[in-house]
Amino acid sequence: MDTLTEIQAIQDTLKSIRCRIIPTSFEADDSALSGFPLHPLSRWDSCAQALSELNPHGVMMRLPLFWQLEVLLWYASRSVRAPVFLNDPENMPVGAAALQLGGMDTVVTEQRDASTFADFVKKENGELPEKWIIVHRAQDRWDMPASLSGCKIAQEVHLFPGLPILSQCAVLMGERSDIPRFHITRGNRYEYDSKVFETASKDEIPSFRLNIPPITTSEVCSCGDSVYTQTI
Amino acid sequence: MSFNQIKELVALTTGKEGGQFYRRLYGLRPDAPSIKINSLGDWESLPLLTKDDLLAVPLKDRSFLPISKIDHLRPSSGTSGKGALFSPRTYLREMDYRLAYHDFKRPIVSYTVPMMPHWHEQFQQAHGIAGCSISFDPKNPAACARLARIAGADALSFFAFHVPLIAPHLVREGIAEHIRFIEIAGEACTRALFEFMRQTFPRALILPFYGSSEVEDSPIGMPCRPITGDMPLALYHGKPSHYHEIIDPDTLEVVEPTQDAEGELVITAYPGEPASFPLIRFRTGDTVRVVENECAEHGTWSFTVLGRTQMDFIKIQGGVLRADEIARVLQTMQSDVTDRYELHCTDEPGHHGPLFTPLLRVETKRPVDVAKIAADIAASLRVSPTMTYADGVAEGRYARLICEEFHPAPGAKSKRIVRQ
């Protein structure tokens with residue numbers, strides 16, 4: 001059974017269990033879009049970890065609202081005592097104003113948006129915010145946005161919005177390579193031989209064995225975890 | 001709020017320690033003590049606070065709390081060419097009135113207005129319910145409706161104009177009949193929208209929410225009752241942490257809040273600590289009418305919101321129609337029209353619910369083809385950074401713009417935007 005079939009088979013049961021729902025697609029018009037259950041107390045731990053390294057004053061989210069990440073980002077931001085501001089990705093002028101006038105200094109966005117928004121902000125405000133959290137879609141190429149060289153960046157790879165499979169520790173965040181390197185997100189398991197990513201189970205939420213795009217392991221980071229890069 | 005409480009609030013917010021916003025607004029010298037008010041006359045002599053006053057002061061100098069203690073920021077659209085205002089928020093208080101209308105045991109579909117999705121979850125958790133919300137994305141209503149069905153949502157909370165946007169998708173997903181609670185904010189609910197909601201969501205209780213981006217201690221008015229079809233559709237009374245006044249918007253004189261009195265609502269709001277920005281005598285820009293001198297159930301005077309006092313913008317699906325933007329477009333057509341106009345807005349029944357329907361009355365300089373003028377205006381009129389009015393029409397969001405000729409008497413005042 002492939003990943004999506006397994007998830008689609010449980011759709012009608014999700015309303016009966018205590019869970020948080022995230023979409024199984026980054027595209028709102030994907031006809032196969034389903035709901036994926038997270039434990040109601042689940043948090044966006046990799047984001048919270050990145051924020052604790054970035055030490056933000058204010059966190060601005062530019063991810064689509066239907067990705068269902070507002071609540072998870074709010075928890076992550078509270079953990080570092082930073083307010084959140086939601087910026088409609090289509091409304092770049094207000095986003096730039098929030099950076100200039102609203103005390104926001106950290107942008108959470110996806111790789112597809114980062115360069116466009118950075119170029120706009122640079123033109124509008126004359127300078128870029130220093131801190132960024134970039135979400136890569138698993139099926140995309142995980143390239144570092146060129147416009148952000150010189151910024152502090154934490155990068156993550158999500159299989160679905162809100163399901164990070166790869167993230168970075170402080171050491172990997174500090175690397176300036178065009179090809180970002182990652183760790184498997186904590187609490188989950190990756191079977192290198194079968195290329196299967198297994199989520200953790202808790203209470204009524206079962207574990208899922210998910211197929212993820214090919215990744216290559218090369219070495220062990222000084223933090224002690226294995227390092228992975230995208231297999232191209 | 002009692003008179004003693006507003007006295008204490010003025011003393012608190014004009015002290016030498018803490019936030020300096022009101023000291024600057026009231027022109028206090030650095031060594032001056034805090035303001036002490038002893039009478040209603042003293043109170044009414046305090047300057048009114050406007051959105052322009054807020055815009056003039058950067059957030060860091062305006063907030064009474066360090067930014068680390070702020071929960072989130074709420075933007076409000078710039079009007080008349082001014083920039084966006086970012087208002088700090090801590091958390092909402094005195095919201096338990098909602099439990100009289102709904103149990104909140106199932107997930108709620110919520111936009112960021114009137115409350116953020118995380119706030120809904122906090123509210124549920126505070127009442128022993130495992131919190132779960134589905135964030136509503138107006139750009140992607142079909143996806144949100146599907147997630148709402150999967151999660152088993154039975155409640156909605158967003159702008160009134162979002163209802164026609166998501167309704168057909170909730171019907172398609174087969175859950176419209178399971179919706180039991182709809183909380184709507186924003187522009188006043190029209191009769192057409194109410195009838196549409198009653199037909200589409202037959203089991204839903206509809207509760208109005210009167211808030212404002214600048215008012216941290218939201219809502220501005222507590223709903224006296226759900227919307228049932230009785231007129232006025234939405235009826236509110238004051239919150240214990242608020243002090244409401246009505247003023248004549250032209251003379252700025254205070255109007256006695258007796259039955260049928262009308263004027264602009266001025267609000268003083270302080271929810272207690274933590275408060276990122278206590279509001280003192282803030283002009284809401286909304287015209288209200290007093291309905292009852294004393295609401296039978298809640299004791300204080302009740303009111304209904306008639307619309308914007310000097311309406312220079314109107315929120316519509318996907319954007320804002322701004323008076324200055326209309327004037328800008330008209331100024332590009334100087335051979336045919338002047339920039340004097342009146343925009344009359346209403347909702348008319350459409351195929352998928354109420355449809356925003358504008359009539360633009362423009363002053364012409366010579367005989368013109370008004371249909372062509374209307375099409376040209378719609379093609380240039382921006383309602384958001386990425387969308388023109390014509391784009392919205394093509395997407396089925398709004399009715400086609402209709403123009404008609406208009407010849408105001410020289411020097412006559414005209415209302416630029418009128419909501420009907």
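## A helix across a sheet

In this predicted model, helix α6(B) lies across β3, β4 and β5 (155-159) of chain B and runs at about 175° to β4(B). Helices (H or I, at least four residues) and strands (E, at least two) are DSSP runs, numbered from the N terminus, while axes are lines fitted to C-alpha atoms, for helices over the stretch in contact, and angles run from 0 to 180 degrees between N-to-C directions. Residues are numbered from 1 along each chain as its sequence is written, and chains are lettered from A and ligands numbered from 1 in the order in which they are written. Because this is a predicted model, local features need pLDDT of at least 70 and side-chain atom pairs count only at pLDDT 80 or more, whereas totals for chains, interfaces and linings use all residues.

Seven of the ten residues of α6(B) are buried, so that the helix is mostly covered; a residue is buried if 20 or more other C-beta atoms lie within 10 Å of its own, exposed if 12 or fewer, and partly exposed in between, with C-beta atoms placed from the backbone. The buried residues are B:Pro117, B:His118, B:Trp119, B:His120, B:Glu121, B:Phe123 and B:Gln124, and what covers them includes α3 (70-78) of chain A together with β3, β4 and β5 of chain B. After α6(B) comes B:Gly128, which has a positive phi, near 75°.

## Contact between the chains

How do α3(A) and α6(B) pack, and at what angle? Their axes are 8 Å apart and the angle is about 80°, which makes α3(A) roughly perpendicular to α6(B); angles under 35 degrees count as roughly parallel, over 145 as roughly antiparallel, 65 to 115 as roughly perpendicular and the rest as oblique. A:Glu70, A:Val71 and A:Trp74 of α3(A) make the contact with B:Pro117, B:His118 and B:Glu121 of α6(B), where two residues are in contact if their C-beta atoms, placed from the backbone, lie within 7 Å. These residues divide into three nonpolar, one polar and two charged; Ala, Val, Leu, Ile, Met, Phe, Trp, Tyr, Cys and Pro count as nonpolar, Asp, Glu, Lys and Arg as charged, and the others, Gly among them, as polar.

Between the chains as a whole, 38 residues of chain B are in contact with 37 residues of chain A. On the side of chain B that touches chain A, at least two residues each are supplied by α5 (59-62), β1 (72-76), α6 (117-126), β4 (133-135) and α7 (141-151) of chain B, and the largest share, seven residues, comes from α7(B). That side of chain B divides into 21 nonpolar, eleven polar and six charged residues.

## Helix pairs within each chain

Within chain B, α7(B) packs against helix α8 (residues 163-172) at an angle of about 50°, with the axes 9 Å apart, which makes α7(B) oblique to α8(B). The crossing of α7(B) and α8(B) is right-handed; a crossing is left-handed if the near helix is turned anticlockwise from the far one by less than a right angle, and right-handed if clockwise. B:Pro141, B:Ala142, B:Cys144, B:Ala145 and B:Ala148 of α7(B) meet B:Leu165, B:Ile166, B:His169 and B:Leu170 of α8(B), a contact of eight nonpolar, one polar and no charged residues.

Within chain A, helix α4 (residues 92-101) and helix α5 (residues 111-125) pack at about 60° with their axes 10 Å apart, which makes α4(A) oblique to α5(A), and their crossing is right-handed. The residues of this contact, among them A:Met92 and A:Leu99 of α4(A) and A:Phe117 and A:Phe120 of α5(A), divide into six nonpolar, three polar and one charged.

## Sheets

The strands of one open sheet in chain B, five in number, have the order β4-β3-β5-β6-β7 with parallel pairing, where two strands pair if DSSP finds at least two bridges between them. Its edge strands are β4 and β7 (205-208) of chain B, each pairing on one side only, and the twist averages 20° from one strand to the next. Strand β3 (residues 108-110) of chain B runs parallel to β4(B) and is joined to it by three bridges, with B:Ser133 in β4(B) as the bridge partner of B:Ile108.

In chain A, three strands form an open sheet in the order β10-β11-β12 with antiparallel pairing, and the edge strands are β10 (189-191) and β12 (209-211). Three bridges join β11 (residues 196-198) of chain A to β12(A), where A:Arg209 stands opposite A:Glu198.
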